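Welcome, and please have your viewer ready.

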Amino acid sequence: MVNSMKARFASNCPSCGETMKVGKEIVKNSDEKWVHKHCAEDSLDLP
Ligand SMILES: [Zn+2]
């Protein structure tokens, strides 16, 4: 269901603030921002 891909360039994850390195699995969160896969899963659990 979650659409993930491998990062093609390094950028900062707006969710945790850490770097998303090239080749890391990233996903779009509910704000249409690219974040780490595990960060998106966390934010999607909001009540
Ligand atoms: Zn993150």
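**A tour of the sheet**

Select β4 and strand β5 (residues 34-36) to begin: three bridges join these two antiparallel strands. Strands here are DSSP runs of E with at least two residues, helices being runs of H or I with at least four, and numbering starts from the N terminus. Two strands count as paired if DSSP finds at least two bridges between them.

A word on the model before the next click. This is a predicted model, in which local features need pLDDT of at least 70 and side-chain atom pairs count only at pLDDT 80 or more, while totals for chains, interfaces and linings use all residues. Residues are numbered from 1 along each chain as its sequence is written.

Now pick Ile26: its bridge partner in β5 is His36. Move on to the hairpin of β4 and β5, where five residues lie between the strands and Glu32 has a positive phi near 65°.

Next, show strand β1 (residues 4-6) beside strand β4 (residues 25-28), an antiparallel pair joined by three bridges. Here Ser4 sits opposite Val27 of β4.

Finally, display the three strands together: they form an open sheet in the order β1-β4-β5, with antiparallel pairing. Its edge strands are β1 and β5, each pairing on one side only.
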